[in-house]
Structures are given as C-alpha cells and as structure tokens.
Amino acid sequence: MAGTLPPKEFLQAVFESVRNSSEESPSSDRSPGCHGVSAPSSNDIIKLAEANACWAPEGLLCLGEDVFLRSVELLGAVRSFSPAQLRTLKEKAVQVWDTPSYWREYHLASLGRIVLALTESELEQLDLSSIDTVASLSQQTEWTPEQFNTFLICKAKSILQGFLEDSGYSVQDLKSFHLVGLGATLCAMNITEISLIKISEFRVVVARIGTLLCSTHVLAEFKRKAEVVFGGPTEWSSSVLQELGTIAAGLSKEELRMLDKDLMPYFQPSAIKCLPDEIFKELSAEQIASLGPENAAAVTPAQRRQLSMLQLQSLQRALDGAKTRSWLDEPPSASPTRTPSSVSPPGAWVSQSLGLGCPLLVLMPRLVW
C-alpha cells in the first residue's frame, strides 16, 4: 500500500495483531514513572510501521530513551499520527535532546514529521544558519500554505526569516542552491522579496519552484518573474508550460482565456489543482475538453461546482480521453483521429474508433534498426 494511507480499521487490526503476539515490554523500554502504561518496544515500532499511529499519546510519552533514539526516524515517517501524537513525540524529543536551541540538522532530519509540532517560540530557538537545517524543515510539505492554516504559514515565515537573519544573507544574495534548500518556505515570501530574487538564479531552479503549492498571490508573483525569463503567456510553448508547473496557476483570467487549447494538456496536474475556482471557470468548453485525462482528473470538486453544463460535458470528454480537435464542429457520428505532434503530452496515444463506438488504443513503437 505504498503511497497511500491505509484505512484506520486496517491499521487498528494490524496494531492489535502485533500487540497480541508481542511479549510485555521490559521496564527498561519505558520512562521512569510509567509503570502500567502500555509503551512500544523497538521491535513493536519496527513491526507496526504506519500502525504505530494507534498508540495512545501517553504510551508514546513513556518511550524509554534508548527506544526513542533507536526508533525516532521510523516514528518520524508515520503519516497517520494526529497532532496530539506529534506534540507528544516532540515533548519526548525535548526530554531526550533538551530544548530546540540545542538541536542540530541531524536531529531535525531524524524527527521527520514530528517537527510539525514545533511552536513559534520553539522555531525561534533553532539555529537556522545552515541551509541543510532549513532544507530538513522545508521537506515537510504539510507546511505549504495551500494545505494548512495560517499558523503553519507563520511557521514557514519564521523559518525563512530565521535563515536570513542567522546566515546574514539578504534575498538578493540567495543562490540557486539556497532557493532549492529553502523549498516550501519560499511560499512565505512576500511580493517585494520575490521581486528581489536574481533572475539568473531563478532561471536555474524554476522547475523546482514549480513543484511548490503556494498561495495564489505568491504563484502570481513567481509568474511575473517567469515572464522575464520566458516572455508573456502568449509566447509560452508546451515545454515552458510543463517546466513552470504550479507557477502557471498564477495566470489571470484574461491570460488563461488567451491560451491556445492545444497547450492545455501540458499543464501540470498540480497547477490545475492550484487554479482558484473563480479563475478556472473562465476556461472555455473547448479548452477544458483539451485538458487530457490526467489534468481532468486533477480538477477539484470546488472547481467543478463553478462550471456550466457545457463545461462539465467537456470535462467528461477530457476524462474519457476523447480527442477534441474541432469536436465542436463535427457531427456525432464522426470518428476522431489524432497523430501525435513532435512534442506529445503525457499519456498521448493514437486513437481510432471502431464501428461499435469502442475506442481502440494502439501504441505505435518506434523501431530502431
């Protein structure tokens, strides 16, 4: 089930099975004063994997110091921990390693998702002079503004400002490797700060920045910066649109309407998700039908609710993989055909229609003699 979050019922069944077959944890596996509290052993943690999310917070707090040190990386990788469990494990880290002011990059790398429980004051204690430390924090994509609340945005802002202050750099001093290391914390930059990034450095990492799920106004500012490199949206090619990724979600209504429908398959699915609902609805029915199955599947329920009946029909055509070249002008009985262009969008196939309306998908291999 790699890449997915197993259902809670499944995790609970695994948890009970492992616990029923495990021997009682020795007292050395528990913190002093935790007699009678069920705490995991190192062996339990290894066996349970994602099912460690079923431990009660008090059980996690009772982890012995040796168990915590041996298992912290495994616990930091559990995606199903609740905020309360993450806070408990952060408290355990403080017990073992002292306050965050003593933590170094390797501590933060070991903690993984547990760093999400750090408070504003604790973040301010961290030594953020190393880009490696900032990179460890920015790898936690749950801190991106589109996914979490304002409190987490403040965390990203604190990390960014802490790095600039501790390192002595200003925004205009940042090199491409700094921008890569800062990762999701770039989403906390304001318009003025983004404008100060050197074009020569931005050009090198534009594809990496295009993987970030920043807020709309931040993406719009990165889009303006991309225009200096690639020209205005009407000049963008399919390869440019793919490289920009989520930055393309910073397009305005007018700019989106002007895009050629043949460019629509080259949007990244992540960019489709980032388009604000009120801007996504400005796409024409023909543009939507040209999105392609992968991009059509990325359309959010909120975006769907803004669409007209004709737009929804076009979206269904895109989901079905229908080829849309001049479909609005063709009679219902017409059989769509398409030959891949020199730069084919992801998932492009040669499509022919059978008499019964069933599409025949034919992969045309390139033979090399």
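Colleague: At 1.5 Å a residue, what should the 15 residues of helix α13 (residues 216-230) span, and how far apart are its end C-alpha atoms?

Modeller: This is a predicted model, in which local features need pLDDT of at least 70 and side-chain atom pairs count only at pLDDT 80 or more, whereas totals for chains, interfaces and linings use all residues. Residues are numbered from 1 along each chain as its sequence is written, and side-chain values use heavy atoms, with hydrogens and water left out.

To your question: the 15 residues of α13 should span 21 Å, and the end C-alpha atoms are 20 Å apart, which agrees. The expected span is 1.5 Å times one less than the number of residues, and the helix itself is a DSSP run (H or I, at least four residues, with strands being runs of E of at least two, numbered from the N terminus).

Nonpolar here covers Ala, Val, Leu, Ile, Met, Phe, Trp, Tyr, Cys and Pro, charged covers Asp, Glu, Lys and Arg, and the others, Gly among them, count as polar. Just after the helix, Gly231 takes a positive phi of about 85°.

Of these neighbours, α12 can be described in some detail. Two packed helices are described by the angle between their axes and the distance between the axes. For α12 and α13 the angle is about 115° and the axes are 10 Å apart, with axes being lines fitted to C-alpha atoms, for helices over the stretch in contact, and angles running from 0 to 180 degrees between N-to-C directions. On the α12 side the contact (heavy atoms within 4.5 Å) is made by Ile199, Phe202, Arg203, Val206 and Ile209, and on the α13 side by Phe222, Lys225, Ala226, Val228, Val229 and Phe230. By class, that contact has nine nonpolar, no polar and two charged residues.

Another of the covering helices, α14, brings Leu244 into the picture. Leu244 is buried, with a relative accessible area of 0%. Leaving aside neighbours within four places in sequence, Leu244 is in contact with Val206, Gly210, Ala226, Phe230 and Trp236. Leu244 and Gly210 are 34 residues apart in sequence, yet their C-alpha atoms are 5.1 Å apart in space.

Thr88, which lies in α5, counts as buried at 8% relative accessibility and, beyond four places in sequence, is in contact with Pro57, Leu60 and Leu61.

The residue just after α5 is Asp98. Most residues other than glycine have a negative phi. Phi of Asp98, however, is near 75°, a positive value in a residue other than glycine. Asp98 is found in the loop between α5 and α6 and is partly exposed, with a relative accessible area of 38%.

As a setting for both helices, the protein chain has 21 helices and two strands, and of its 369 residues 47% count as buried. Among contacts with a separation of 6 or more, 68% join residues 24 or more positions apart.

Note on methods
Buried means under 20% relative accessible area, exposed over 50%, partly exposed in between (1.4 Å probe, protein chains only).
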